[in-house]
Amino acid sequence: MRIGELADLTGVSPRALRKYESEGLIGSERAANGYRVYDDRAVVRVRNIRHLLDAGLTLADIACFRACLDGDLTTAPPSPEGLRIARDRLAVIDRRIAAQVAARDRLARVLDAVPPAAAARS
């Protein structure tokens with residue numbers, strides 16, 4: 001199938017598919033006319049990539065799952081490496097959330113310190 005067909009079947013843009021390919025997560029052959037041609041397994045691989053991205057992993061994280069992308073990731077037992085990667089990513093997300101909460105709290109304190117008359121003029 002061509003890239004447009006794969007995009008339609010998976011709901012992923014052709015640009016994202018090219019990115020996945022450049023990261024080595026999916027592969028294609030080139031037709032005589034130069035178009036990318038994907039086999040039917042690409043649909044499962046792309047859906048698994050989306051599942052992992054939606055779970056909060058990055059493409060770099062997902063690279064470690066290359067060998068598993070052709071199977072059913074939603075029901076397969078997690079590997080120790082997969083669990084480590086997921087825990088590491090969760091720690092990164094938690095740190096980002098904490099930083100955003102701290103920034104929000106600082107901004108709220110600044111706004112709370114604005115005199116009511118000044119706040120009414122805005």
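Me: What makes helix α5 close to its expected span?
Reply: Helix α5 covers residues 80-112, 33 residues in total, and reaches 47 Å from its first C-alpha to its last, close to the expected 48 Å. The expected span is 1.5 Å times one less than the number of residues. Helices here are DSSP runs (H or I, at least four residues), numbered from the N terminus.

Me: Where does all this come from?
Reply: This is a predicted model, where local features need pLDDT of at least 70, side-chain atom pairs count only at pLDDT 80 or more, and totals for chains, interfaces and linings use all residues. Residues are numbered from 1 along each chain as its sequence is written, and side-chain values use heavy atoms, leaving out hydrogens and water.

Me: Which residues of α5 are called buried, and what covers them?
Reply: Gly82, Ile85, Arg89 and Val92 are the buried ones. Buried means under 20% relative accessible area, exposed over 50%, and partly exposed in between (1.4 Å probe, protein chains only). Their cover includes α4, residues 59-62.

Me: Why does Val114 count as partly exposed?
Reply: Its relative accessibility is 33%, so Val114 counts as partly exposed. You will find Val114 in the loop between α5 and α6.

Me: Which residues does Ile26 touch?
Reply: Leaving aside residues up to four places away in sequence, Ile26 touches Leu6, Leu17, Tyr20, Glu21, Tyr38, Arg45, Val46 and Ile49. Contact means heavy atoms within 4.5 Å.

Technical notes
Helices (H or I, at least four residues) and strands (E, at least two) are DSSP runs, numbered from the N terminus.
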